[in-house]
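Welcome, and please open the structure in your viewer. We will go from stop to stop, selecting a few residues each time and looking at what is there.

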Amino acid sequence: MVDGLDAAEYDALVTAAETYRAALVVRLGGEAGLRTGEITRVAPRHLREPESGVDLAILAVPTDDAAGATETDGDPETDAAAGDRDGIDRETAIPASLAAELRRYAESASLGESEPFVDVSPRRVQMIVRETAERAAARTDGLVAPDVTPRDLRRTFARRLLVDRGVDPHAVREAGGWETLATLDGYLGPLDGEAIAEAVAEERAGPEDGPAARSAPTALGGFEALAAGDDRANPLAAVPEGVIESDRWAEAWVVRRLGDRDSVEIAGAAGVDRETLVDRGVDGDGPWRDAVAEGEPVATEGLPATAGQPVIAVPLRYRDVTHGALCVVAGGESSTSPVPPVSSVERREIAALGRCLGWAVTARRWRDLLHSDAVTEVELHTGDEGAFLARASAALGCRIELASTVAVDDDASRFYLSVEGARPQALADAVAGAPGVSDLRVIETREDGCDVSARVEGGSAVRTLTEHGATVRDATAEDGRVRVVAELPEGADVRPVADGFRAAFADARLASKESVPRSPRSEDSLREGVADRFTDRQWAALSAAYHGGYFDWPRGSTAEEVADAMDVSSPTFHNHLRKAQRGLLDELFEDGRRARRAGRE
């Protein structure tokens, strides 16, 4: 019987981790297969890159020298006396993403090479897993069991490798430190004659001929194109070129829908020219339209637009924004064998590339905006009822100004609002029932208005523009209309941003567009000086405390109230806030010392 968490349950558990350290605890159990005691012993010196160059990292698992025995977490098997190879019990392979997070955490916490990543007791590790599971259970309405243990995470590790990925059981046994394969029998299940014959055929065919070859990476060139892109490279053109470096793919192209119109734009193509794609009818229906509309990968066996070859189309998606679709066409067929359809492994690989490309498009706009001497300023208006600020201002006849937004998680932000002409209770009544708006909190009450904050989940006018790579400078709502002023990099194509805004709010219109010089004392230039001192959570804590009135006298919000609004514990909030404040003071006083030294020279 297969146990452990499935992919959806495990992802929900990791997402529910309240702190960076809690997420690492869960991932070290679920993706490295570590026992409770082992989680508290691994340190930066135990992490290394493999000599083979595969996209993994190797984590050495130290023995418990103090206890003289290996922690078992209650596993029924007895661990082998593997010997103390210089204090190392075994080595395991971990995802490159987990290795990167471990190194990032070690750097942010200033850990020495021998200092444990998780410097707590094994008992505290068990408590962290339980607390995270209880939080995940509450957030997912029971999808995740509230009593998940470190042992369940090790079972998840075995399940992911044996069931989901089909890794050699011998490798899994060695990575997890199990004494025999008997412990893993429940994950392997019986095979009938057909399955055995297929497995033997794959071994005889070799890595380049059989179906097993199609489980190897085929879009690595696309990922490398993203990683190696210089400042001038257009990722929408570079990624298709990288994809067709593999013999598996004959063509790759990116299409973008032009607003609400039926026509599409070919933003990049490799292996086929744009004119040929137009002649084949790319403007017509195809999986690329479905991928954009549904936000999910779509594969077909062949269409006229793909010259009859199998194709997979995946959305270029960042959060709620879809920039277009990446279409990848399988290679040509020989006289003896047809082109195989897109496998499930290839589907996941190309889908991951599409997500990375969607993020790269947004990140490129943010980078261009940060370094641009001039910006394109756009003003957009909407009175759509889906914009809750428009609805509230119309109902109350008031003016609402957005002071700031702070990201709470990937799906929610906290809006800090200044209201003129309405009291808090009236505002609360006006936004009651608005989709995605909740937890309205009063910061300050004035004779003619108030300052409040609200949790906003899903789409909003501000979030829509931000996720398209724009920086919102001003947002106000009055008489049922929302006016948003945003900045884009100089020379940027405004059309995709305006189209994305109209897709979210049907009546939205672009009121103006002009090029303006960037102020030398802009908010971005101020932030740039201290940005490298903050983690994302430190910046969020500092911003939430400021706009929540924590620094006012008397205080508009207590630390506990700000922490609750950010969905973190009070100690976690204080930790992030204190480190952020220290970063600001370091920048202030270190800059002063540098200026004085320069004046004496």
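## Stop 1: a helix and what follows

Begin by selecting residues 536–547, which form helix α20. Keep in mind that you are looking at a predicted model. Helix α20 has 12 residues, and from its first C-alpha to its last it reaches 17 Å. That is close to the 16 Å expected at 1.5 Å a residue.

Which residues of α20 are buried? Select Q538, A540, A541, L542, S543, A544 and A545 to see them. Then step past the helix to G549, which follows α20 and has a positive phi, near 80°.

## Stop 2

Now select Y550 and F551. Their rings form an aromatic pair with centres 5.2 Å apart and 75° between the planes, an edge-to-face arrangement. F551 has a relative accessibility of 40%, so it counts as partly exposed.

## Stop 3: two tryptophans

The model has a count of 7 aromatic pairs. For another of these, select W253 and W288. The ring centres are 5.2 Å apart and the planes stand at 65°, so this pair is edge-to-face.

Where do the two residues lie? W253 is in strand β4 (residues 249–257), while W288 is in helix α13 (residues 287–294). The pair therefore ties together parts that are 35 residues apart in sequence. As for accessibility, W253 is at 0% and so counts as buried. W288 is buried too, with a relative accessible area of 1%.

## Stop 4: two helices crossing

For the last stop, select residues 20–30, which are helix α2, and residues 96–108, which are helix α4. The axes of α2 and α4 come within 11 Å and cross at roughly 145°.

Which residues make the contact? On the α2 side, show Y20, R21, L24, R27 and L28. On the α4 side, show S97, L98, E101, L102, R104 and Y105. Colour this contact of α2 with α4 by class and you will find 6 nonpolar, 1 polar and 4 charged residues.

Key:
Residues numbered from 1 in each chain as written. Predicted model: local features only at pLDDT ≥ 70, side-chain atom pairs only at ≥ 80, totals over all residues. Heavy atoms only, no water. Axes fitted to C-alpha atoms, helices over the stretch in contact; angles between N-to-C directions. Helix = DSSP H or I, 4+ residues; strand = E, 2+ residues; numbered from the N terminus. Contact = heavy atoms within 4.5 Å. Nonpolar A, V, L, I, M, F, W, Y, C, P; charged D, E, K, R; others polar. Expected span 1.5 Å × (residues − 1). Buried < 20%, exposed > 50% of the residue type's maximum accessible area, 1.4 Å probe, protein only. Phe/Tyr/Trp six-rings, centres within 6.5 Å; stacked < 30°, edge-to-face > 60°.
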